[in-house]
Amino acid sequence: RYETHFNGKKVNVMEYDVSGFMQQCVESYIKLAGGPNNVKLRKVKTPFVEIADTRKFNGHFLAEDELEAKPGEDAGQLADVAASVLMKILYGARQARWDLLKGVSLLATRLTKWTKGCDRALHRLVSYIDSTSHLVLRGWVGDDWNELALKLFSDADFAGDRPSMRSTTGGYLALTGTSTWFPLAAKSKRQTATSHSTPESEIVAADDVTRTIGIPALDLWEFLLGRSVGLDLFEDNQACLQI
C-alpha cells in the first residue's frame, strides 16, 4: 500500500502482488513436466493461440477445437499432473491474476479427458504466466465516501467453448469515482446452456453477473457507506442493451 497522485489528487493505492507465487507455479510445472532439460517456455502475449500464430484454427481466437482427442489418440502426457498444476494456478488467478481465469477454467473442464492438445494448451498457459509473472492487480481510492459508485462490466463469447458450442460469461466489478478505481470481483464461467445468438449469450451473461456479483455488492456497500449506492452495468452488445 502506498500514496500517489491521480487527476491532481492524492490517492491511496493498494497492490495485490502474487508474482512470486505465479513463478512458483511455473517452477512446479517445469518440475512435474520433466524438468528444465525437457521443458522450454517461450514468450507469448496471450494464454490462447493467436490468429497470427497459425491458419489451422480458421480465425477462431481460442483453440478449443484443438483440445479434442483425435480418433485412436492416447491421453496427453500431462494427464496425471494437470490437476496439480491447474489448481495451483487457479489459486493465484482468483487472488490477483484475473486474466488467467478463462484459460484455467477451460482446461479444468478437460481433466477427465486430457489430450495431447491439452498438453499444448497448458504449456502455452504456463508460458504466458512466465512471460507476465510481474503483473499485479492494482486499485486506488482518492474520493470521499459519498462520491463512490459501483461499475459492473459484462461480456460473453458466443459459442466459444468447443465442441459444446456454449458461451462463456465474463464479469468485472469495480468501485469507482473521479479519482477512484478499485477492482472488487471478477468471474469467468461457462454457461450451462447453448445460446442461439450473440444477444442471447450476452443477456445470459448480464443476468449472471448482475445476480451473482452486482446485487450482492449493492447490499454490502450500502451497508458499509450508510447510503444508497449506484450500480452501472456496462455491456458492449447493442441488441442486448436495447432489450
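Is Leu152 buried or exposed? Select Leu152 in this predicted model: its relative accessibility is 1%, so Leu152 counts as buried (buried is under 20% relative accessible area, exposed over 50%, partly exposed in between, with a 1.4 Å probe and protein chains only).

Residues are numbered from 1 along each chain as its sequence is written. Because the model is predicted, local features need pLDDT of at least 70 and side-chain atom pairs count only at pLDDT 80 or more, while totals for chains, interfaces and linings use all residues; side-chain values use heavy atoms, with hydrogens and water left out.

**Whole chain**

The chain has 6 helices and 7 strands (DSSP runs numbered from the N terminus: helices are H or I with at least four residues, strands are E with at least two). Their order along the sequence is β-β-α-α-α-α-β-β-β-β-α-β-α. The C-alpha atoms fill a box of roughly 60 × 45 × 30 Å along the principal axes. Of the 243 residues, 42% count as buried.

Colour by pLDDT, the predictor's confidence in each residue, from 0 to 100. The chain average is 89, and 93% of the residues score at least 70. Now select residues 54–62, where the pLDDT is below 50; this stretch has 17 contacts in the model beyond near neighbours in sequence (contact means heavy atoms within 4.5 Å). Where pLDDT is low, the predicted coordinates should not be read in detail.

**Around Leu152**

Return to Leu152, in strand 4 (residues 149–161). Leaving aside neighbours within four places in sequence, Leu152 is in contact with residues including Tyr172, Val209, Ile213, Leu231 and Phe234.

**Surface patch**

Select Leu220, Phe223 and Leu224. These residues form a nonpolar surface patch with about 360 Å² of accessible area together (Shrake-Rupley method, 1.4 Å probe; for residues, only the protein chains shown count as cover). Leu220 belongs to helix 5 (residues 198–225) and is partly exposed, because its relative accessibility is 45%.

**Cysteines**

How many disulfides does the structure hold? There are 0 (a disulfide is a pair of cysteine sulfur atoms within 2.5 Å). Cys118 counts as buried, at 0% relative accessibility. Finish at Cys240, which is also buried, with a relative accessible area of 10%.

Definitions and conventions
Patches are made of residues with over 30% relative accessible area and no salt bridge: like charges are joined within 9 Å, nonpolar side chains (Val, Leu, Ile, Met, Phe, Trp, Tyr) within 5 Å. A salt bridge is a side-chain nitrogen of Lys or Arg within 4 Å of a carboxyl oxygen of Asp or Glu.
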